[in-house]
Amino acid sequence: MINLAARVTSVELCSTFTFPTLKKLSVNDGLMGHELADLELDVSFPCFPDVVTIWSGVSKYVRQQLLKEEPQAVTITGLGTFHIKKCHFFENGEMITFQRPVFSLSRTVAQIRELQHASVPVPGEIKKVSVSYKKTHLNVPYSEKVAQHCVQETLNFFYFILKKEEDTDFILKDVGTLAIRGTEVTMAFCEGFLLSLNKSTGMIEKLLTNKWVISDKEVPLFPSRFGRVHQFPQFEIRVVPRRVSLTDEETSPDVKSGLSSTGERGN
């Protein structure tokens, strides 16, 4: 197991960020004592109070909003906003309609090191909501307060890594992966999520073939000049292909292919 408490403590010594919640979550195998009194859990519910569990709850909330009959734009404050765009194309004289997920990068993240991200605004008719930690709490064995603090502290650690100009993958379970290489940003989506949106494997193939969306299966192939990326919310370091010949200002074909239709700089 990763010694997350030690890792965040070392970051605290050289940054303005503090991580009181992450340190508590990382050193307990059961629920924190002061939280037990706040929760009434079914004894059959598995208690795995770690950062990944909380972020899985956040991801589930995002997915639920996007898969509604009338999808809502949903914001993870400090990371970005997702919404669904209805698109059309003609094939054999017939107009085909499909749904494409779009991610809008938070300005907080984009401004850390002038990250490049395509701009696709959320249509005015789409209702916008932020992640509800109260509702997320129903899916994970934590209080609303702990879930919210865990998310913010994870993002603070994420910002610290970006300020060091390191590369990252931020995984939202069953939704997709936000991949940052140098100044380039790609939001790659899970094929299962795309299938839930469009109900057709043939349509998914068209989406991926035409690069209207990028599959998260491609992310492990995205090269980094370091040959490694920091993976969130697992707080792991993963080996990836090393990009030797390109500078930060240049873009590898694999990453560049995901930039034209994956999102925008947002709030």
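Glu114 counts as exposed, with a relative accessibility of 53% (exposed is over 50% relative accessible area, buried under 20% and partly exposed in between, with a 1.4 Å probe and protein chains only). Although not a glycine, Glu114 has a positive phi of about 55°. Its place is the loop between helix 5 (107-110) and strand 4 (128-130); helices (H or I, at least four residues) and strands (E, at least two) are DSSP runs numbered from the N terminus.

## Basis of the model

This is a predicted model, in which local features need pLDDT of at least 70 and side-chain atom pairs count only at pLDDT 80 or more, while totals for chains, interfaces and linings use all residues. Residues are numbered from 1 along each chain as its sequence is written, and side-chain values use heavy atoms, leaving out hydrogens and water.

## Other backbone features

Asp174, also a residue other than glycine, has a positive phi near 65°. Asp174 sits in the loop between strand 5 (168-172) and strand 6 (176-181) and is partly exposed at 43% relative accessibility.

Phe232 and Pro233 are joined by a cis peptide bond with omega of about 0°. The loop between strand 8 (228-232) and strand 9 (236-239) holds Pro233. Most residues other than glycine have a negative phi, and most peptide bonds are trans.

## Chain totals

The chain has 10 helices and 10 strands. Of its 267 residues, 52% count as buried.
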